[in-house]
Amino acid sequence: MAISRAQLVKELEPGLNALFGLEYRQYADEAAEIFDTESSDRAFEEEVMLSGFGNASVKPEGQGVSYDDAQETFTARYTNETIALAFAITEEAIEDNLYDRLASRYTKALARSMASTKQIKGAAVLNNGFDNTYAGGDGVALLSDAHPTLSGTFRNELATAADLNETSLE
């Protein structure tokens, strides 16, 4: 569906004082401060977590060395996706517009939309951090009191729920 003259009625008549709505301040790229960005030409990428070893022990003189095992613990899969949006304008809407160049205005609006989508998708990781529907590679939510390890579980949230501030961190 193309943007037509019917959607731009006021821009076809003399007397328009101003166009507004696309000039609002844009926020910085906050997703770049949270995530590392990597390029990929695959449908998905996987990362495998290794368990490592426990602490080393003191070996008494004449005794054998202790051995430990290491293994893969879980795999995180990142599925790449394409986001896309476009617009079309009828030739008549471009020719009859009295006030500005439609294509350049809507091209900027499209760029703003794509940047906003990127921020929203990045924030969704944190906004859904307590929701097990959005589990990470270890099978639990990002913020959980039951992240599985080989020796049990660990928590990365407060024992008693509290707002994030200096007092709750201390």
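Modeller: At 1.5 Å a residue, the 26 residues of helix 3 should span 38 Å, and the end C-alpha atoms of helix 3 are 36 Å apart, which agrees; the expected span is 1.5 Å times one less than the number of residues. Helices are DSSP runs (H or I, at least four residues) numbered from the N terminus. This is a predicted model, in which local features need pLDDT of at least 70, side-chain atom pairs count only at pLDDT 80 or more, and totals for chains, interfaces and linings use all residues. Residues are numbered from 1 along each chain as its sequence is written, and side-chain values use heavy atoms, with hydrogens and water left out.

Within helix 3, Leu102, Arg105, Ala109 and Gly122 are buried, that is, under 20% relative accessible area with a 1.4 Å probe and protein chains only (exposed is over 50%, partly exposed in between). Helix 2 (91–96) is included in what covers these buried residues. Leaving out residues up to four places away in sequence, Leu102 touches Leu8, Glu11, Ile89, Ala93, Ile94 and Asn97, where contact means heavy atoms within 4.5 Å.

Arg105 counts as buried because its relative accessibility is 16%. Its side chain makes a polar contact (3.3 Å) with the side chain of Tyr106.

Leu126 also lies in helix 3, which covers residues 102–127. Leu126 is partly exposed, with a relative accessible area of 45%. Apart from its neighbours within four places in sequence, Leu126 is in contact with Ile34 and Leu142.

Note on methods. Helices (H or I, at least four residues) and strands (E, at least two) are DSSP runs, numbered from the N terminus. A polar contact is a pair of N or O atoms within 3.5 Å; within protein, one must be able to donate a hydrogen and the other to accept it, and residues adjacent in sequence count only if both atoms are side-chain atoms.
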